[in-house]
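Please keep the sequence and the structure in view while reading.

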Amino acid sequence: MTGRLVSEMASALRECSPEEIRTECCDIREVQGDGFDEETVAVIAMPAYIGKLPLPGIEALRSVSGGKAMTVTAVSYGGRSYGNALFELRDIAEECGFTVIGAGAFAISYMAKRGSSRSSLPAMDTAAIVEFGKAASGKIRRLGGCEIEGLRIKPAPLEVKGRKPVHKISRLSPGAAAIAQELLEKLSFRRKSSEWFL
Ligand SMILES: Cc1cc2nc3c(=O)[nH]c(=O)nc-3n(C[C@H](O)[C@H](O)[C@H](O)COP(=O)(O)O)c2cc1C
């Protein structure tokens, strides 16, 4: 999901940038503390587990300094509900100094990804990721369109639905959580499709 979003945004931004645009994808746990600035566009993505962000992801993100980099946040989820994960990611990223201009939640079919014949869904909602990537790049172009800092349009605070979650899941063992998840996948219908906020 992250790689696809990054490549979509990079190709849309290359169309309008006179300067070379380089991309780099890495595990957030390996990101150095202060490598971001206003010349960087950051894409921060994590999976949603029981409607929340994984605690190691939160911990790693909290150690990074965003330097006001224009940022797009994204969560992947199994197609039922991403709960408060997207809200929480936007919130923490802002606290760390990133300027979040877009946020999206994208359905990934766990069963299709594992090659299960019981899944009629694609492994990843690529169409939504591509659409979001193009729209987010358009917003970045509009916001960054002026050389003079003082004349640039300031982004309005991004509204994402949700609230701050409580991390009870951290008390479950990952093995037990995965078994519970598989059971839930078998029993539940897909209720939500990918959605994004700009
Ligand atoms: C422990 C666990 C909890 C999960 N909870 C949810 C959930 O609450 N809602 C949902 O739609 N998908 C849920 N999923 C599915 C994951 O969000 C999905 O498999 C993941 O985003 C795919 O990314 P990954 O391959 O990086 O894990 C859960 C998966 C696991 C393993």
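A residue is called buried when its relative accessible area is under 20%, exposed when it is over 50%, and partly exposed in between, with a 1.4 Å probe and only the protein chains as cover. By this rule Lys68 is exposed, because its relative accessible area is 55%. Lys68 is found in the loop between α2 and β2. Its phi is positive, about 65°, although Lys68 is not a glycine. As background, most residues other than glycine have a negative phi.

The model is a predicted one, in which local features need pLDDT of at least 70 and side-chain atom pairs count only at pLDDT 80 or more, while totals for chains, interfaces and linings use all residues. Residues are numbered from 1 along each chain as its sequence is written, and side-chain values use heavy atoms, with hydrogens and water left out.

The overall plan comes next. Along the sequence they follow the pattern α-β-α-β-α-β-α-α-α-β. Of the 198 residues in the protein chain, 40% are buried. The chain exposes about 11,500 Å², of which carbon and sulfur atoms supply 53%; accessible areas come from the Shrake-Rupley method with a 1.4 Å probe, and for residues only the protein chains shown count as cover. Contact here means heavy atoms within 4.5 Å. Among contacts between residues at least 6 apart in sequence, 80% join residues at least 24 apart.

Helix α1 covers residues 2–14. Its 13 residues reach 18 Å from the first C-alpha to the last, close to the 18 Å expected at 1.5 Å a residue; the expected span is 1.5 Å times one less than the number of residues. Which residues of α1 are buried? They are Leu5, Val6, Glu8, Met9, Ala10, Ala12 and Leu13. An α-helix has 3.6 residues a turn, so residues three or four places apart point the same way. The buried residues of α1 pack against β1 (41–47), β2 and α5 (126–143). Ser137 is found in helix α5. Not counting residues up to four places away in sequence, Ser137 touches Met9, Ala12 and Leu13. Ser137 counts as buried because its relative accessibility is 1%.

Helix α3, residues 85–95, is mostly covered, with 9 of its 11 residues buried. These include Leu86, Phe87, Leu89 and Ile92, and also Glu88, Arg90 and Asp91. The buried residues of α3 pack against β1, α2 (55–62), β2, β3 (99–107) and β4 (195–197). Just after α3, Gly97 takes a positive phi of about 95°.

Strand β3 holds Gly102. Why does Gly102 count as buried? The reason is that its relative accessible area is 0%. Leaving aside neighbours within four places in sequence, Gly102 is in contact with Thr71, Val72, Thr73, Phe132, Leu158, Phe197 and Leu198. Gly102 and Ala135 are 33 residues apart in sequence, and their C-alpha atoms are 9.1 Å apart in space.

The account now turns to the ligand. How many residues surround the ligand? There are 14, and the closest are Ala48, Ile50, Ser76, Gly78 and Lys113; a residue is near the ligand if one of its heavy atoms lies within 4 Å of it. The shell divides into 6 nonpolar, 6 polar and 2 charged residues. In this division Ala, Val, Leu, Ile, Met, Phe, Trp, Tyr, Cys and Pro count as nonpolar, Asp, Glu, Lys and Arg as charged, and the others, Gly among them, as polar.

Ile50 is placed in the loop between β1 and α2. Its phi is near 50°, a positive value in a residue other than glycine. With a relative accessibility of 45%, Ile50 counts as partly exposed.

A backbone N or O atom of Ala48 lies 2.7 Å from an oxygen atom of the ligand, and a backbone N or O atom of Gly78 lies 2.7 Å from a nitrogen atom of the ligand. Taken alone, the ligand exposes 640 Å², and the protein buries 81% of that. The elements that give two or more residues to the shell are β2 (70–77) and α6 (174–187).

Conventions
A polar contact is a pair of N or O atoms within 3.5 Å; within protein, one must be able to donate a hydrogen and the other to accept it, and residues adjacent in sequence count only if both atoms are side-chain atoms. Helices (H or I, at least four residues) and strands (E, at least two) are DSSP runs, numbered from the N terminus.
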